[in-house]
Amino acid sequence: MSIILGLLTLVLLYIVIVQISKASDLIKSLRSGDKEEETFGNSAIFVSVLGFGILIYSIVTSFTYAKTLLPPPASEQGVWIQWLINITLLMTGSVFVITQILLFWFVYKYHYRKDRKAYFYADNNTLEVAWTVVPAIALTILIGLGIQKWFKVFSPTPKDAIVIEATGKQFAWVIRYAGKDKQLGKRDFTLVNSDNELGVNWNDKASHDDFIADEIVLPVNKPVSVNIGALDVIHNFYLPHFRLMMDAVPGVPTHLWFRPTITTEEMKKITNNPNFEYVLACNQGCGSGHYNMKKKVRVVSVEEYKKWMKEQKSYYETVVKPAMAEKEAAPTAESAAAPVAATVSAH
Amino acid sequence: MQTTTVIDSPATEHAHAHGHTGHHHTETFLSKYIFSLDHKTIGKQFLIMGMIWAVIGGLMSVIFRIQLGWPDETFPILEKMFAAWYTDGKLNPEAYYMMVTMHGTIMVFFVLTASLSGTFANILIPLQIGARDMASPLMNALSFWLFFAASVIMFGSIFLPTGAASAGWTIYPPLSALPQTSPGSGDGMTWWLIAMVLFVASTLLGGLNYVSTVLNMRTKGMSMFKMPLTVWALFFTAIIGILSFPVLVSAVVLLIFDRSLGTSFYLSNIVIGGQALPYAGGSPILFQHLFWFLGHPEVYIVILPAMGMVSEILAIHSRKPIFGYKAMIFSILGITVLGFIVWAHHMFMTGMNPFLGSVFTLFTLLIAIPSAVKVFNWLTTLWRGNIKINPPSMFAIGFVSMFISGGLTGIWLGNSTVDIQLHDTYFVIAHFHIVMGIAAFFGMFAGVYHWFPRMFGRMMNETMAYIHFAITFVGSYLIFWPMHFLGLAGVPRRYYTFNEFEAFAHYGTLNKVISIAAIIVFLGQLIFLVNFFWSIKRGRKSTQNPWQANTLEWTSPIEGIHGNWEGDLPEVHRWPYDYSRDPNSDVDFIPQTVPLTEEEKKDKIHH
């Protein structure tokens, strides 16, 4: 019933608009020629007022919403990116304001008048060169600064970096720490089974001290090296507060390193939000649960980090080894990887 | 420049002869309105199809904006209307992703590519260059009917039990390749792929036709540098389409192989539900390269026709020549060439070699130069003009405003370093909707208001056009301007709800405002549709040359005869922008068909 009423109101509204419009156009066409000037003048005011209204709206909201954006970048890399954004904002922002003012000012100033002629002005090579060269210089500056920071973000990973691995799947992240040896155990996707979600090759000794963490814990001011991958479809390892992201692509490993600079506790004070927490999200459409791939990220002091590391248990020692021992005890059981390997070779 | 080549190819002769006999044979309703070979009718067919698609695509955006604005509310009314997509009054996530995917596909391909180019290339190219029809009217009709077939299949896919494609309009594999990962990647994706192959065939038939018509069928005196900028823009658009769309077909064909024949072009090392799949050696990144090799030029396919029409409309209605005619042509050429070597800026975050990223940053930001030249030339065209603000010029001015706003944020996103923060956030949505979505729609509206009298012999209602402009201009900024802030606050795109993340959830009110604005803008477009169809029947009768324009289409009989001109084709003597040339004359325009005076011949510039 309410649908019908709503639709009826809408239809009536359109009928009213059509009738008013018909009448007003009829009146306009009945007017004598000298009213033409007035009509175009009114239209010019109409368009300029809308244009300047929108310009004021966009400038005002830019200031009011500035406070609601992200807190200061929580990584060294984020600071570089923020700096470049500020410069770009300054340059494009001023061009935006100047050109929009010119556009809507011209619309009003040069609107049709009967006794005036437009100025026949077809070209001017000096002007064309000027507004080719000036943007070219401005853009060269932005390109130069951009590429410099870009290579800094993707510079070689420092040797003392903590090594972690993030693997995206529908719809969660699996985080693996390299443990004491700072080396992640090798993986092979054909080894995947219910006890070995990531397909880690347990014959690789480097895998033995690796552990799976249910949150990302990072020491402040220490470089972190993240190996990124995905099991099923493309995901994106996205850390909004650190201003960083990198695609997680099945079959094509990617990598990112960064240096967190603000601990979670410090950020709680900066944002004045006692519940503040850093998050890892997915930023590449990956299916119906894309919006819900959250992982908590904690940046802590070096001491806290060491304490936390001690509490973590190697996945190999706690889960895999006991299971293997159990299976060896039962002689008929097949090796864990065999069924999958068989399926793969069958195709 | 003075010498003009006489173009009287056999094709023109033939069309000429045909023009005399053409209107003698009897035409049925079917041959006149449905299976017509006349470029004017085919143009209208493209326009009407585009309107139908735009309403469907717009309605989808209303549905997902309702979800984003009120994620916690239930809508039993909507459930009654779209039972398959709702559970307990709430939109299903699968349906949400289907909506965003189809909205993108429909708007980018079916409305802003097929309909925008299809309508205006068809109506304007032959009429503005003085040809009796397209080089191949049959190919032209086939182009429409292939588009129609593609439309039927794409529309049908919405009603499949597993739903239409839902992997995003960019259909990145493996999500689009493996039905296990998303219900829409089952039959829905198959139909999507088939529809797109037909669509590309349609685009190619159309594009080849436009190019050969422009090159071979210009009337006597119409040298390339006497063509209006609309024709130049449509000409380059067609070339971009011809060179880039086949690459989409190759991407699609390999995806079909991966889906159906078990090949591994895009797939490798895939595990689903604890089960390793037998794909090895492929790369999902390969698909992205192929897709964006079309996908980026595609945005210029969308925007160039709008740019061409806006250049023409601004000149006519400000009663001034377009400023820097040749600079405008060379900037289109610059955009066309650069447009082919910037595609990987959509892929900065795929883990590409940083060196490659820096090269694509360089080319991408360079494209801002020809774009800036165009904006400055439009502004100078308005400067000291005698501007008649009416529906076409209003929307052309709106286009310039939108193009500036959206173009400048391209300088942000094209810089790979800035993209590290903003990639795939709402900032990107704001950028591309303003610069290629809304701007292209403004160009299209300007074109429809301007050439409506040529298409239907009547004028559109101005009051409705003013209401339409106010709603669309203000509403579009209200929808998309705040999305810049969402993006800078880190809010990612393609989220069904933001409530799962505290970091993204604090824009609840803003999201409601955006959704309300979106609904109002959608309803505002219906005013345009009412105006359009009402004016076809009831609009004020148009005079022969209602805007006092110089170009040839306004010399062709108003009722739109087959063959376009009675008797001989018009002869062209001057460029199309002689507005207010003689300050002492009462008439402020000199049509292209008027011979040069002795005085003008001595003058070195522009004739």
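Trainee: Which domains is chain A divided into?
Mentor: Chain A is divided into domain 1 (43-112 + 125-155) and domain 2 (162-341), with bounds from an automatic or database domain assignment. This is a predicted model, in which local features need pLDDT of at least 70 and side-chain atom pairs count only at pLDDT 80 or more, while totals for chains, interfaces and linings use all residues. Residues are numbered from 1 along each chain as its sequence is written, and chains are lettered from A and ligands numbered from 1 in the order in which they are written.

Trainee: How many residues of domain 1 of chain A are in contact with domain 2 of chain A?
Mentor: 11 residues of domain 1 of chain A are in contact with 15 residues of domain 2 of chain A; contact requires C-beta atoms, placed from the backbone, to lie within 7 Å. The centres of these two domains, taken over C-alpha atoms, are separated by 39 Å.

Trainee: And how many residues of chain B are in contact with chain A?
Mentor: 112 residues of chain B are in contact with 106 residues of chain A. Helix α16 (residues 462-488) of chain B contributes the largest share of chain B's side, 13 residues; helices here are DSSP runs (H or I, at least four residues), numbered from the N terminus.

Trainee: New topic: at what angle do α7(B) and α8(B) cross?
Mentor: The axes of helix α7 (residues 187-216) of chain B and helix α8 (residues 229-260) of chain B cross at roughly 150 degrees and come within 8 Å. Axes are lines fitted to C-alpha atoms over the stretch in contact, and angles run from 0 to 180 degrees between N-to-C directions.

Trainee: Parallel or antiparallel?
Mentor: α7(B) and α8(B) are therefore roughly antiparallel to each other, a term for angles over 145 degrees.

Methods
Contact = placed C-beta atoms within 7 Å. Helix = DSSP H or I, 4+ residues; strand = E, 2+ residues; numbered from the N terminus. Parallel < 35°, antiparallel > 145°, perpendicular 65-115°, else oblique.
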